[in-house]
Amino acid sequence: MTEIKTTPFDDQKPGTSGLRKKVGIFQTANYLENFVQAIFDTVPDLNGGLLILGGDGRYHNDVAIQTILRIAAANGVARVMVGHGGILSTPAASNMIRQYEAVGGIVLSASHNPAGPDGDFGIKFNVANGGPASTAVTDAIFERTKMIDHYRTAEGSVDLDVIGDSAIGDMQVTVFDPVADHADLMERLFDFDAIREMIASDLSLCFDAMHAVTGPYATEVFVNRLGVDPDGMMNVQPLPDFGGGHPDPNPVYAKTLFARMFADDAPDFGAASDGDGDRYIVLGRGIYVSPSDSLAVITANAHLAPAYKNGISGVARSMPTSRATDVVAKAMDVDCFETPTGWKYFGNLLDAGRITICGEESAGTSSDHVREKDGLWAVLMWLNILTVRRQSVMDILRDHWGIYGRHYYSRHDYEEVAKDKAEAVMATLRDQLADLPGRQFGSEVISDADSFTYHDPIDGSVAENQGLRVMFESGSRFVMRLSGTGTAGATLRLYLEAYEPKDGVHDADLAERLAPIAAIADEITNLKQIVMRDGPSLVS
Ligand code: VG1
Ligand code: CO
């Protein structure tokens, strides 16, 4: 064991989902080392314990894993379990931590952000429940990075391509195949026999893994266990640069899948996942299911899947996620919690058994089977629902809107704008919040406006400044917040939502239906003028 002198970096504060920076920053001498040592300093239980380690396979993954293994050995970790080839999806990591009772896990991912030498890299620490560390823990790690003056490291490395046991110093290293455990878990939750039968008889399916981590997991589940024709599987080979693509499953970046699902000979069902396998999208023939709607449909239908047949204890959604799920929860008479953006805020509710299902507008949905969002889980949940209802995706959505009404929903991202400009937009809105209620814009009257504060009902912690909300009497809403996952400039997110009651018009054009709310948001915040853009750079 050697102690290496180092000096702090001042920018190691984790964001919504870990520390994310350009690859070049992570390649700076001691940058990764400092952050990893700060984790070990903050979580002393890792000494003598089991650590789960892996990443989404992006560029620099393998190098970073060897560095972390050496630091782990020097900090007294008893055993590390690493995904084969250093690859581990985020939901599989969460499952491994729980299944093998690890003290925690380190997941290397920048999720949907592009990869490669000029792309992004990220590191996230998950705790013993399998979920992302709470803000209290990430704040403590950040404090530690500001005063770090040395890190510990050992000699050695491990061949990540060979499954089996080896060692670095006294630390045992096990390279394992993570795919089977996750597939087994899915098989315990869903009715694979019924899904296999439906796929064999009357459901055509295609799945796009976007050259990211989900490929092997999806192949095992869909092809090997459910009999899907391999022709339906797209981009299943994980690549360090994601094939030059952008593994963010949305209408813009999953263009090929969208084209396929909107073609005349489209399959019945389409889905995709993101860089680290925690997000998903679902499409039917000629229809894209908005992630907020997907959460609501899953909430209303989860009891159709074996593991959820006794109902759900409650549900939670992140604040900017549409309120479609709230309407379902009310009808089912279960609690619906509204949490800040980021999966870490669901952990306490899941651990306490207050919720069974939770999700975000950004295409993450999951349940209490792990403590991360789980893309494949959500896709399988849809398939399980289809086996029972025997309807098209489009008919399921139409039925849903006919019962609960429709929340037209869209997110407008203004990416890579100057930080001061993005902050000026937020300040413009924040300064008006108190005066907005009662004001009329066209046919819309504002009922409420605030800055979202979350009071965790389990541990009493408070999270302030989690986004600005403007609510209308019609049930419509817009929300504005700054992204906490970007690596260049600031990304301003504008979330638009318009409510149409159950007997209203459910097949209007999405952009047209939301245009009045977008115009009001722009008028109040002066957004386009301040950031000097004609419109968003990404609509999802
Ligand atoms: C985004 C999403 C958020 C998600 C987070 C991590 O955060 O909005 O819902 O939890 O990414 O997802 P932000 O702060 O940029 O809005 V992932 O798939 O990158 O682990
Ligand atoms: Co992700």
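This is a predicted model: local features need pLDDT of at least 70, side-chain atom pairs count only at pLDDT 80 or more; totals for chains, interfaces and linings use all residues.
View 1. In the side chain of arginine 279, an N or O atom lies 2.6 Å from an oxygen atom of ligand 1. For the side chain of arginine 493, the corresponding distance from an N or O atom to an oxygen atom of the ligand is 2.6 Å. For the side chain of arginine 20, an N or O atom is found 2.9 Å from an oxygen atom of ligand 1.

**View 2. The cobalt ion (ligand 2) and its protein donors.** Four residues supply the protein donors: Ser111 through its OG atom, and Asp274, Asp276 and Asp278 each through an OD atom. These donors lie 2.0 to 2.1 Å from the cobalt ion. Along the sequence, the donor residues follow the spacing S-x162-D-x1-D-x1-D. Serine 111 and aspartate 276 link distant parts of the chain, being 165 residues apart. Serine 111 belongs to the loop between strand 5 (104–108) and strand 6 (120–126), whereas aspartate 276 belongs to the loop between strand 12 (269–273) and strand 13 (280–284).

**View 3. The packing of helix 10 against helix 14.** Two packed helices are described by the angle between their axes and the distance between the axes. Because angles of 65 to 115 degrees count as roughly perpendicular, helix 10 is roughly perpendicular to helix 14. Helix 10 contributes Asp293, Ala296, Val297 and Ala300 to the contact, while helix 14 contributes Ile396, Leu397, His400, Trp401 and Tyr404. Of the residues in this contact, seven are nonpolar, one is polar and one is charged.

**View 4. The packing of helix 4 against helix 6.** Helix 4 (residues 90–99) meets helix 6 (residues 179–189) at an angle of about 85°, with 10 Å between their axes. The two helices are therefore roughly perpendicular to each other. On the side of helix 4, the contact is made by Pro91, Ala92, Asn95, Met96 and Gln99; on the side of helix 6, by Asp181, His182 and Leu185. The residues of this contact comprise four nonpolar, three polar and one charged.

Note on methods
Residues are numbered from 1 along each chain as its sequence is written. Chains are lettered from A and ligands numbered from 1 in the order in which they are written. Side-chain values use heavy atoms; hydrogens and water are left out. A polar contact is a pair of N or O atoms within 3.5 Å; within protein, one must be able to donate a hydrogen and the other to accept it, and residues adjacent in sequence count only if both atoms are side-chain atoms. Axes are lines fitted to C-alpha atoms, for helices over the stretch in contact, and angles run from 0 to 180 degrees between N-to-C directions. Helices (H or I, at least four residues) and strands (E, at least two) are DSSP runs, numbered from the N terminus. Angles under 35 degrees count as roughly parallel, over 145 as roughly antiparallel, 65 to 115 as roughly perpendicular and the rest as oblique. Contact means heavy atoms within 4.5 Å. Ala, Val, Leu, Ile, Met, Phe, Trp, Tyr, Cys and Pro count as nonpolar, Asp, Glu, Lys and Arg as charged, and the others, Gly among them, as polar. Donors are N, O and S atoms within 2.8 Å of the metal (3.2 Å for Na, K and Ca); water is not among the atoms, so sites may look incomplete.
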